[in-house]
Amino acid sequence: MSLKDSMRHFSPKKCRVDLEETMRRLQESGKLLLATVLAALVVMFMVCLAVFFAFVRGAEQVMVPDLEGKPWSAAMLEMQAKELYPRIQLRYTDNPADEGIVLAQSPVAGAIVKAGTRVTLTISRGVIIDHVERFVGMNLDDVRLKLQTMFSGAARPLVVLATPVYKPDASEAGTVLEQDPPEGTVISEPVTVQLVVSRGPEYEQTRIPDLVGKGISEVLAQIGSARLVFDFTSHTASDGEQPGTVTAQQEFESSLVRNFTRVGVEIALPRRQQGDARMGLFSEATAQYPYPVTMTLDAVPNDGARYTLVTLKHTGGSVTIPYSVPRGTELVFSIEGREIRHIKVN
């Protein structure tokens, strides 16, 4: 058929009808497909729910067994039989026979829990050490700190320090010179260790400075560098006495005395304070130390930065320090860097 004959039989109206019929069938097919997909999803969801409820059940409830006092291996087997799981904590004890034994449990025996619950077990690691260590040559404070740290988790420490015996020695103050029992002694039960500790080279002598007539600032400079302990007392300045100066000082047969000998000093203070200046005598009762420790008296003015009045070595007991500061200043007293007391000067 020729192109001319084809064009003669072509009908635009018939073509439009065929196109509309085709679109209608496609729309019906799309709705059918969508309905089929939705139905499949619903069926799959219902099947999943059925499987979930068929195979998933609530955990069975069980009773926690009594595990305390049992070896950890036996405790594990009992927990496995109950479908319980352990959470382990280890702790040192003072009895070597406790090693591997369950000391405590949580939840307690008899508690009703779900299978799969974790039970916390505290198990003994045994003793932390089995022999006495070497303390000779160490500083006493370091020994105390080491033992405190070592036995912090133990019910009773295996090594206890007796009250130290102090004696003069050329070693630095606080150095352990001897110990009993000696290093290497086997520990089968708690032991008490006796230490002999150096007081420092107290056999050395120092010269007593002459403080009479000196003002407070000069006095503070002298006592900060002297290896002596000065015990200050005060009285109200009388006629002819300069307030804030030393009026008397304890006398000795020789100007050379043993280190950290206590020396009495008398200082005159004003009858009435003038202006904002305040003079006084700071006093504090402390422990008696077997060897000199560092003590500091700081001043914190209302309108200024903190500064140090004096830093000195002192053996403790009665501590007295003269001061001259502005009114309203706060005095801060420290021993070995630890603040002990705050007072306000009015």
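Me: Phe260 lies in the loop between strand S13 (256-258) and strand S14 (262-269). Why does Phe260 count as buried?

Reply: The relative accessibility of Phe260 is 17%. Buried means under 20% relative accessible area, exposed over 50% and partly exposed in between, with a 1.4 Å probe and protein chains only. Since 17% is under 20%, Phe260 is buried. Its phi is near 65°, a positive value in a residue other than glycine.

Me: What do these values rest on?

Reply: The model is predicted, so local features need pLDDT of at least 70 and side-chain atom pairs pLDDT 80 or more, while totals for chains, interfaces and linings use all residues. Residues are numbered from 1 along each chain as its sequence is written, and side-chain values use heavy atoms, leaving out hydrogens and water.

Me: What makes a run of residues a strand or a helix?

Reply: Both are DSSP runs numbered from the N terminus: helices are H or I with at least four residues, strands are E with at least two. Strand S15 (residues 277-300), where Asp298 is placed, is one of these strands.

Me: Why is Asp298 called buried, and what polar contact does its side chain make?

Reply: The relative accessible area of Asp298 is 8%, which meets the cut-off for buried. Its side chain is joined to that of Arg306 at 2.9 Å. A polar contact is a pair of N or O atoms within 3.5 Å; within protein, one must be able to donate a hydrogen and the other to accept it, and residues adjacent in sequence count only if both atoms are side-chain atoms. The distance of 2.9 Å is within that limit.

Me: How do you know that the buried residues of helix H4 (residues 140-150) are on the same side?

Reply: The buried residues of H4 are Leu140, Val143, Leu147 and Met150. They cover an arc of only 95° around the axis, which puts them on the same side of H4; the arc is that of the directions from the helix axis to the C-beta atoms. The face turned away carries the exposed residues Leu145, Gln148 and Thr149.

Me: Which strands do the buried residues of H4 pack against?

Reply: They pack against strand S6 (159-161), strand S7 (165-167), strand S8 (176-180) and strand S9 (191-198). Contact means heavy atoms within 4.5 Å.

Me: What makes Asn139 a cap of H4?

Reply: A side-chain oxygen of Asn139 lies 2.9 Å from the backbone nitrogen of Asp141, at the N-terminal end of H4.

Me: How many aromatic pairs are there, and why is that of Tyr166 and Tyr291 called tilted?

Reply: The count is three. The ring centres of Tyr166 and Tyr291 are 6.2 Å apart and the planes are at 55°, so this pair is tilted. Rings of Phe, Tyr and Trp (its six-membered ring) pair if their centres lie within 6.5 Å; planes under 30 degrees apart count as stacked, over 60 as edge-to-face and the rest as tilted. Tyr166 is in strand S7 and Tyr291 in strand S15, so the pair ties together parts 125 residues apart in sequence.

Me: What makes the pair of Phe282 and Phe333 tilted?

Reply: The centres of Phe282 and Phe333 are 5.2 Å apart, with 40° between the planes. Phe282 in strand S15 and Phe333 in strand S17 are 51 residues apart. Phe282, at 1% relative accessibility, counts as buried, and so does Phe333, at 0%.
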